[in-house]
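I opened the file to look up helix packing and the ligand shell. My notes follow in the order of the look-ups.

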Amino acid sequence: MAKKKERPIEELSIDPAAQQMLIRAQEIGISTAFSRADELTACNIGGAGMCCKMCGMGPCRLTKEGDRGICGATIDTIQARNLARAIAGGASAHSDHGRDMAFTLKAVATGEAPDYRIRDIVKLRHIASLYGIPTEDRTSEDIASDLADLYMAQFGQQRGSVILTKRAPKKRQELWHEKGVMPRGVDREVVDLLHRTHIGDDQDPHHILQGAVRTAIADGWGGSLIATDVSDILFGTPAPVMGASNLGVLSTDEVNVVVHGHEPTLSMMIVAASQDPEIIEYARSKGAKGVNISGICCTANEMLMRQGIPAAGELPATGACHPHRRGRSDGCGRAVHHAGPRRGCQPLPHRDCHDLAQGQDHRRDPYRVR
Ligand code: SF4
């Protein structure tokens, strides 16, 4: 594939720290998302969504209006299929975050996850009451158990509407019903969409896109919102917090751990572990001053807004802070052992407490380490 022209560094990022790291990466031969984007030229047909690989008779590459695939699919059908399958994949990845959060809530409620606890009791009771779950004279764990059961059941619901959609404005709910896009459950909608976009099934692009919209709504209201509710209940509802960002948050004299992913269940425990005296002492025994946590991507946002943990950036560049794997940039944000340069940003202290007025408590470190 032809190599595209290399872009000037200012076009890659407006952040001076990122620019310096990109220059350094070029110097020592570490590939990044930017250099790889410069090396690849996207396929015009694929970029326009006009290439179909749904069956073994293809791939069918359509180039002009009126073209049809071997099965008879038009450009509109193929484009709708491709978009719909991208939405099905995205909805699966996104909503599974909510599923795992519901599993965690259940484990907390039943005592199987003793290192977690319910922090926002007010939100738990409020959310439970929205669905008619009794809250009077009941423990938080009992309420949480019922809520977790209700949320877990939403994913595989076969008929009716995802119960969380009742929290949308009434007019919006009516519109979704009218347009036939009120979702049943995420799993149901994703399977339906994969089914209808397979060869020999739905050929009508409008109908395919209707299924895509229904799947997207299932993700937002039956996956994402579950994740938000449970994260707030377990880790505290966010309030405005000061934070630091960019690669300058890495420390030169501490063990740097950059957490990555989109589920906060593990990263919140890593934050807790980083404050464990035994771990700090171990880091010191190896010559570091302590453990410096930062985040990348979605988890960075979770930890920034709930704990004030700094965000190192958006796209991982493993080689930048993991010399043992120099030359490899596989997108993994694993724990790192050596520091990149700190460029004027000082990590702020971890968020000390939440505001009781928001239904949270004031204890410093709720995440007990085993
Ligand atoms: S589903 Fe149709 S358009 Fe797609 S690859 Fe098969 S024959 Fe070609």
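At what angle do the axes of helix H9 and helix H10 cross, and within what distance do they come? I kept in mind that this is a predicted model. For H9 (residues 186-196) and H10 (residues 205-235) I read a crossing of roughly 160°, with the axes coming within 9 Å. Angles over 145 degrees count as roughly antiparallel, so I put H9 and H10 down as roughly antiparallel to each other. I noted the crossing of H9 and H10 as left-handed.

Next I listed the contact residues. From H9 they are Val186, Glu189, Val190, Asp192, Leu193 and Arg196, and they meet a set in H10 including Ile208, Arg214, Asp219, Gly222 and Gly223. By class I have 6 nonpolar, 4 polar and 5 charged residues in the contact of H9 with H10.

I then turned to H6 (residues 121-130) and H7 (residues 140-155), whose axes cross at roughly 45° and come within 10 Å. H6 and H7 are therefore oblique to each other. H6 passes H7 in a left-handed crossing. In this contact Ile121, Leu124, Arg125, Ile127 and Ala128 of H6 meet Ser140, Ile143, Ala144, Asp146 and Leu147 of H7. The class count for H6 with H7 is 7 nonpolar, 1 polar and 2 charged.

I checked helix H5 (residues 75-109) for its span. Its 35 residues reach 51 Å from first C-alpha to last, close to the 51 Å expected. Just after H5, I found Gly111 with a positive phi of about 80°.

Last, the ligand. I found 14 residues around the ligand, and Cys52, Gly58, Cys60, Gly69 and Cys71 come nearest. The shell divides into 11 nonpolar, 2 polar and 1 charged.

Definitions and conventions. Residues are numbered from 1 along each chain as its sequence is written. This is a predicted model: local features need pLDDT of at least 70, side-chain atom pairs count only at pLDDT 80 or more; totals for chains, interfaces and linings use all residues. Helices (H or I, at least four residues) and strands (E, at least two) are DSSP runs, numbered from the N terminus. The expected span of a helix is 1.5 Å times one less than its number of residues. A residue is near a molecule or strand if its C-beta atom, placed from the backbone, lies within 6 Å of it. Ala, Val, Leu, Ile, Met, Phe, Trp, Tyr, Cys and Pro count as nonpolar, Asp, Glu, Lys and Arg as charged, and the others, Gly among them, as polar. Axes are lines fitted to C-alpha atoms, for helices over the stretch in contact, and angles run from 0 to 180 degrees between N-to-C directions. Angles under 35 degrees count as roughly parallel, over 145 as roughly antiparallel, 65 to 115 as roughly perpendicular and the rest as oblique. A crossing is left-handed if the near helix is turned anticlockwise from the far one by less than a right angle, and right-handed if clockwise. Two residues are in contact if their C-beta atoms, placed from the backbone, lie within 7 Å.
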